[in-house]
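Open the model in a viewer and keep the selection tool at hand.

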Amino acid sequence: MFGGIKILMNNIMNTYIKRLTTTLLFTTTLILTACSKKSDPTPEFQEKNLAPLSIEFDNIVGDRTLTFNNTGSLYKNAAGEQFSISRLQYFISNIKVTTTQGNTYAVNQDSSYFLIQGDDKATRFARVKVPEGDYTSLTFTLGVDSLRSTMPIDKRTGVLDPAANGGHDGGGMYWGWNSGYIFFKFEGNSGVITDDANGDPTGKKQFKYHIGFFGGYSAPTLNNIKVINVDLKTAGIAKVRKDRQSNIHLFVDVMKVFNGKNSFKIVEYPNVMFGDFTAKIAANFAEMFRHDHTEN
Amino acid sequence: MNKKHWIVFSILGLFILACKKDIPIKEEIEKFLGFQKPINFPEPEYKFANNPVTKAGFELGRALFYEPRLSRNNTITCGSCHIQSSAFTQHGHDVSHGIEDRLGTRNSPPIMNLAWSKAFMWGGGVYDLDLQPIVPITTHEEMDENLDNVLKKIKAVPKYTAMFKSAFGTEEVTTARFMKALSQFMLMCVSSNSKYDKVMRKEAGVTFTADEQEGYTLFKQKCASCHSEPLFTDGSFRNNGLGISAINDQGFYAATLISTDKYKFKVPSLRNLQYTAPYMHDGRFLSLAGVLEHYNSEVQQTPNLDPLLKQANRLGIALTQNDQVKLTAFLVTLNDPDFINNTLLSEQ
């Protein structure tokens, strides 16, 4: 009998504890939710209230990840040409962000030049500081603006140093003979390239796209500077706060170089460095950038 | 006073004389005047405020100008193709002769009065003296090196450590310091002591001869619209009617891609012609006579020919034999022996 009561009591106690736990958990969750809501109102936009923001340039090739010297598993463009990639690097500059309310912040120019190098994962982030806020749009330049392209030598430091990364045959991005920077450098190999003067006379079947030109110092030249606008509303706005690292994750699809609105065949244009065709390729750049998500 | 005393005195006297001679020379060397604008020249284009010429900076620039480490295999210096005795050109070479006997496509231009230059190279493309040396350093047919390597090599040489320190305050070797030092040397390559300059500055006792004066008058009528005084170039790019070369060098067009720039080249200065033959962007004329005859009878109607070379339906500029003699007499007055003999600008 007592034994029965004990069991009953135990059951009651167990149920009570279970309920209590559930209630406690529920309450805690409520409190926590309330807390997180309370600590995350959109901060007032103040130019001096800076917090970290990064923009990640995640290079991809169509439906595949970017791999260098992928001779065992070639990429294929819309024209059916197979190719491998040996170099990809480009300048990102003049980063600007705009909040839901329409407040725009331009990152200080001196901290706004980034060289994204495909073979060095550490360079894929452009890390800047912007005021705390909720940002719905991102703007940046692919290339180096004309003002900075004509700056005195003292201002050309870091990635803009003409000595950086060796000569322009290698990873260097400064063009000496026609003073300025290469904005976008994309090289690789394709079996479709001929061995004559219209292709690669060295027989290495290399393609080279070095796209630059900022409009000229005094006489006007081609202007291949491209301003890229990214709407963040669909894939996730950037909530920039001091205690967090908001990261706007972009996919950069280099396949669009070939398959963009000015699509072309490697066999017809294996080398584009300076000529009117650079403008055709530069017109494909905007299509390369796609906002995948934002990590807040 | 005996014989011994005389000997001692004589020797002392010799020392004193020797010392006396030394003192003014030393003072002259120590008194570095920096960049001086000749009074008959306009204001320079170069922004000196950003890179004032100092003795230490100039000396560093001079050492770098004559430094073979600027080339890939440490064989060629800037001075190899810009020889002072040829007014800093490569005398006797139609096109520049670079590393491993490679030949370029253009005639090595003089390093002269660059402080007044708005654009560099025969075909433009470079508009800041501080960025110009990157071109010959990196060009395959010239020094075939890259800037990064040059700086690494320079950093490893002890003498440069001290030179960078005295020129810029610390031992750090940066691109900007390297380029600025080279600029300081090149800016000091001012040629302004020709007979012409002395006549213009009304220096005592210097006047044109009758032939030179006639030549000057002809020059002002027929040449000065492009080769404007006192630099004897207006710095513009023009097509002077040369036959198109076998390699079809399109000049300024290669830098601008504007079709109206095809076959235009920078108007060269006429100073120091005696030392700078051969002439034109590809060094095709070996003598001044060849150049004058080109303007007289060989100008060709190629795209973008300068309108000044086709007036009243006549190609070129009519120059009689007599005109050519007088013009030549005047052009000789533009030679500046002080410039090519200035030891300050020589390899030390």
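Among contacts in chain A between residues at least 6 apart in sequence, what percentage join residues at least 24 apart? The figure is 74%. This is a predicted model, and the values quoted on this tour are computed from it.

**Stop 1: chain A.** Select chain A and colour by secondary structure. The chain has five helices and 16 strands. Of its 296 residues, 36% are buried.

**Stop 2: where chain B touches chain A.** Show both chains, then select the contacting residues on each side. Chain B contributes 21 residues and chain A contributes 22. On the chain B side, four elements each supply two or more residues: α4 (134-138), α5 (147-155), α7 (175-187) and α10 (253-256). Highlight α7(B) here, as the largest share of that side, four residues, comes from this helix. Colouring the chain B side by residue class gives 11 nonpolar, six polar and four charged residues.

**Stop 3: a helix pair in chain B.** The crossing of α2(B) and α6(B) is left-handed. To see the contact itself, display these side chains:

- from α2(B): B:Ala56, B:Gly57, B:Glu59, B:Leu60 and B:Ala63
- from α6(B): B:Met163, B:Phe164, B:Ser166 and B:Ala167

By class, this contact consists of six nonpolar residues, two polar and one charged.

**Stop 4: around α6(B).** Stay on α6(B) and turn the view until you look down its axis. Which residues of α6(B) are buried? They are B:Tyr160, B:Met163, B:Phe164 and B:Ala167. Seen from this direction, the buried residues of α6(B) lie within an arc of 100°, so they line one face of the helix. As a general point, an α-helix has 3.6 residues a turn, so residues three or four places apart point the same way.

The buried residues of α6(B) pack against α2, α5 and α7 of chain B. Of these, α5 and α7 were also listed at Stop 2, among the elements on the side of chain B that touches chain A.

**Stop 5: past the end of α6(B).** Finish by selecting B:Gly169, which follows α6(B). The phi of B:Gly169 is positive, near 95°.

Conventions. Residues numbered from 1 in each chain as written. Chains lettered and ligands numbered in written order. Predicted model: local features only at pLDDT ≥ 70, side-chain atom pairs only at ≥ 80, totals over all residues. Contact = placed C-beta atoms within 7 Å. Nonpolar A, V, L, I, M, F, W, Y, C, P; charged D, E, K, R; others polar. Buried ≥ 20, exposed ≤ 12 C-beta atoms within 10 Å, placed from the backbone. Left-handed = near helix turned anticlockwise from the far one by under 90°. Arc of directions from axis to C-beta.
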